[in-house]
Amino acid sequence: MMDQEYSKIMVAVDGSNEAELAFRKAVNVAKRNQAELLLAHVIDTRAFQTVSSFDNVLAEQATDMAKQTLGDYEAEAKKAGVKNISKVIEYGAPKVMIANQIPENNDIDLIMLGATGLNAVERLFIGSVSEYVIRNAACDVLIVRTDLDNKIPEEDK
């Protein structure tokens, strides 16, 4: 029997604790599979639509922060021994970008992301990113809920 191997793993990072857990696990999975790791961050452009126009200054600040965050993650993944790392910043609706656009453009065969902490009411109106990705992605999806010891992090209990 052939072991399942992934060659291009995408992890969606947004600066949240959930994304941090997903990133750490993605590093391990990438190392085990000798896979390429794609660090993806989506800037939700809807956040910058004001009534009259698109706020470029805020969008630029968000981009700078994203570059910084991805740079930090990249350094951490390199230090952990992942050889092949790429980064992408996209603009748009995060769930669509994470489920379809980025994986299709980058031949991703595994998407890893944190379980987003929305409460029931928010989920009703927004629908969590992870739920959307599970339903709509064309490749395997791994939702990370636990730390490297497969324990639920203390602050979430």
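Modeller: A nonpolar core here is a set of buried Ala, Val, Leu, Ile, Met, Phe, Trp, Tyr and Cys residues joined through side-chain atoms within 4.5 Å. Buried means under 20% relative accessible area, exposed over 50%, and partly exposed in between, with a 1.4 Å probe and protein chains only. The model is predicted, with local features needing pLDDT of at least 70 and side-chain atom pairs pLDDT 80 or more, while totals for chains, interfaces and linings use all residues. Residues are numbered from 1 along each chain as its sequence is written, and side-chain values use heavy atoms, leaving out hydrogens and water.

The largest nonpolar core has 22 residues, and those with the most contacts inside it are Ile9, Val11, Phe23, Leu37, Leu39 and Met112. Two or more residues each come from β1 (8-12), α1, β2 (36-44), α2 and β4 (110-114); these are DSSP runs numbered from the N terminus, helices being H or I of at least four residues and strands E of at least two. The largest share, seven residues, comes from α1. Apart from this core lies another, of 19 residues, among them Val42, Ala99, Ile108 and Val133.

Contact means heavy atoms within 4.5 Å.

Phe23 also belongs to the one aromatic pair of the structure. Its ring centre lies 4.4 Å from that of Tyr73 and the planes are at 50°, so the pair is tilted. Rings of Phe, Tyr and Trp (its six-membered ring) pair if their centres lie within 6.5 Å; planes under 30 degrees apart count as stacked, over 60 as edge-to-face and the rest as tilted. The pair joins Phe23 in α1 to Tyr73 in α2, 50 residues apart. Both partners are buried: Phe23 at 1% relative accessibility, Tyr73 at 5%.

The two helices themselves, α1 (residues 17-33) and α2 (residues 56-80), pack at about 35° with axes 10 Å apart. Axes are lines fitted to C-alpha atoms, for helices over the stretch in contact, and angles run from 0 to 180 degrees between N-to-C directions. The contact uses Glu20, Phe23, Val27 and Lys31 of α1 and Tyr73, Glu76, Ala77 and Ala80 of α2.
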